[in-house]
Amino acid sequence: MRIGIIGLPLCGKTTLFEALTGTSSEGQRSGRQGPDIKVVKVMDDRVTRLSEMYQPKKTTYAEMEYLDFAGIVKDGQNREMDGSFLKSVGRIEAFVHVVRAFPDSVFPHPLGKVDPIRDIERFHTDLILSDLSIIEKRMERLAKDAKRGLPVKDETAILKHCQSALESETFLNQLSFTPAEKQRLRGFDFLTLRPLILALNIHENQIGDTALDALAERIRTTYPFLEDALFMVAGEIEMEIAQLSPEDAALFLKDLGVEESAMTRLIHLCYRKLGKISFFTVGEDEVKAWTIPEALPAAKAAGTIHSDFERGFIKAEIISYDTLMEVGSIPAARQKGLLRLEGKEYPVRDGDIINFRFNV
Ligand SMILES: Nc1nc2c(ncn2[C@@H]2O[C@H](COP(=O)(O)OP(=O)(O)O)[C@@H](O)[C@H]2O)c(=O)[nH]1
Ligand SMILES: [Mg+2]
């Protein structure tokens, strides 16, 4: 999954990026062009257990790719999205918008006062304006083509529909589209079409603060679509904890009253928000986690491994991870009749262990 981290300058994007990737840049990347990119393994315990069971030559965890962008607003007045930012968003599946809620720092907030609601509002407006400008440019193009008698793509209706939604401050990810419309929209890099996660960056002293509960409540009522996408994080301390050994990190987190690291929590949130699940393939050569959209038909899931698997799909032999752990091995499961044979359309579930039978 590719996740873009964005927000105002000095709100803690790089700090969060380091917390999520367990790295430290120590200020070495100032002046670089484009986003900083890091890939981290999704340390799924299920993959670890399967690997212990199979002792394969290779164990492959799923991966998260994070992109850390420079501040997207050039100065207090300029509300335009930065051109280099827009150039790199094509591959991104979701945005994590970092908003500063920690009060004092040696660095002042670029807009003066710390005011999360203002920053959220402003960012949402930026996203909407960017999408509206894409639509305007496209409509101008279509009008020109029509005037010159060129064949014009049938896009006007969907673009108008999007435009009126955006003008009433509705994100495109709140609309429902037919598969054909989705296909049509894919060619545009609409920002509000992507899932959005709000990371509220707090100071460790604010953990459990009632003022924060009130703020979270206000955000949830003002922006219902952020209800299940609010990520409260003490970025700086999490960044420090992410550099520690897993054992030390667990102790520190416990002291802080945080159950799981920001790294783990955000991965779960991204899977949920993007509707992704994992299925596994196992064997002596490799144990591997595959990330797919939830309920993807079995033949399509096979296609993520190899197009031949999809083309020549016969059956999928499936057992859930939990069942396998209960019975202990595939042969034991087979004996008890716990291996299911499913067809092309079977909607794959999280934790399915699949052996595809195919013929090409
Ligand atoms: N007090 C406090 N400072 C933070 C926190 N998160 C980030 N900072 C500081 O804010 C400054 C800007 O952070 P940085 O991650 O570089 O922001 P970016 O410009 O959004 O990438 C740095 O000096 C951080 O140490 C936090 O949770 N609490
Ligand atoms: Mg930064």
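This is a predicted model: local features need pLDDT of at least 70, side-chain atom pairs count only at pLDDT 80 or more; totals for chains, interfaces and linings use all residues.
The secondary structure of the chain comprises 14 helices and twelve strands. Along the principal axes, the C-alpha atoms fill a box of roughly 70 × 65 × 40 Å. The chain has 360 residues, of which 28% count as buried. Among contacts between residues at least 6 apart in sequence, 71% join residues at least 24 apart.

The buried residues of H1 are Lys 13, Thr 14, Thr 15, Leu 16, Phe 17, Glu 18, Ala 19, Leu 20 and Thr 21. Because nine of the nine residues of H1 are buried, this helix is largely enclosed by the rest of the structure. Gly 22 follows H1 and has a positive phi, near 65°.

A helix pair was examined next. The axes of helix H4 (residues 116-147) and helix H5 (residues 156-167) come within 10 Å and cross at roughly 150°. This angle makes H4 roughly antiparallel to H5, because angles over 145 degrees are assigned to that class. The crossing of H4 past H5 is left-handed. On the H4 side, the contact is formed by Ile 128, Asp 131, Leu 132, Ile 135, Arg 138, Met 139 and Leu 142, which meet Thr 156, Leu 159, Cys 162, Gln 163 and Leu 166 of H5. By class, the residues of this contact divide into eight nonpolar, two polar and two charged. In general, an α-helix has 3.6 residues a turn, so residues three or four places apart point the same way.

Two residues other than glycine adopt a positive phi. Leu 10 counts as partly exposed because it has 16 C-beta neighbours inside 10 Å. For Ala 295, the positive phi is about 65°. Ala 295 is located in the loop between strand S9 (286-293) and helix H11 (298-305). With 13 C-beta neighbours inside 10 Å, Ala 295 is likewise classed as partly exposed.

Pro 35 lies in the loop that joins H1 to strand S2 (36-42). Pro 35 counts as buried because it has 21 C-beta neighbours inside 10 Å, the threshold for this class being 20 or more. Although Pro 35 and Tyr 66 are 31 residues apart along the chain, their C-alpha atoms are separated by 9.3 Å. When residues up to four places away in sequence are not counted, Pro 35 touches Leu 67, Asp 68, Phe 69 and Ser 88.

Methods: Residues are numbered from 1 along each chain as its sequence is written. Chains are lettered from A and ligands numbered from 1 in the order in which they are written. A residue is buried if 20 or more other C-beta atoms lie within 10 Å of its own, exposed if 12 or fewer, and partly exposed in between; C-beta atoms are placed from the backbone. Helices (H or I, at least four residues) and strands (E, at least two) are DSSP runs, numbered from the N terminus. Axes are lines fitted to C-alpha atoms, for helices over the stretch in contact, and angles run from 0 to 180 degrees between N-to-C directions. Angles under 35 degrees count as roughly parallel, over 145 as roughly antiparallel, 65 to 115 as roughly perpendicular and the rest as oblique. A crossing is left-handed if the near helix is turned anticlockwise from the far one by less than a right angle, and right-handed if clockwise. Two residues are in contact if their C-beta atoms, placed from the backbone, lie within 7 Å. Ala, Val, Leu, Ile, Met, Phe, Trp, Tyr, Cys and Pro count as nonpolar, Asp, Glu, Lys and Arg as charged, and the others, Gly among them, as polar.
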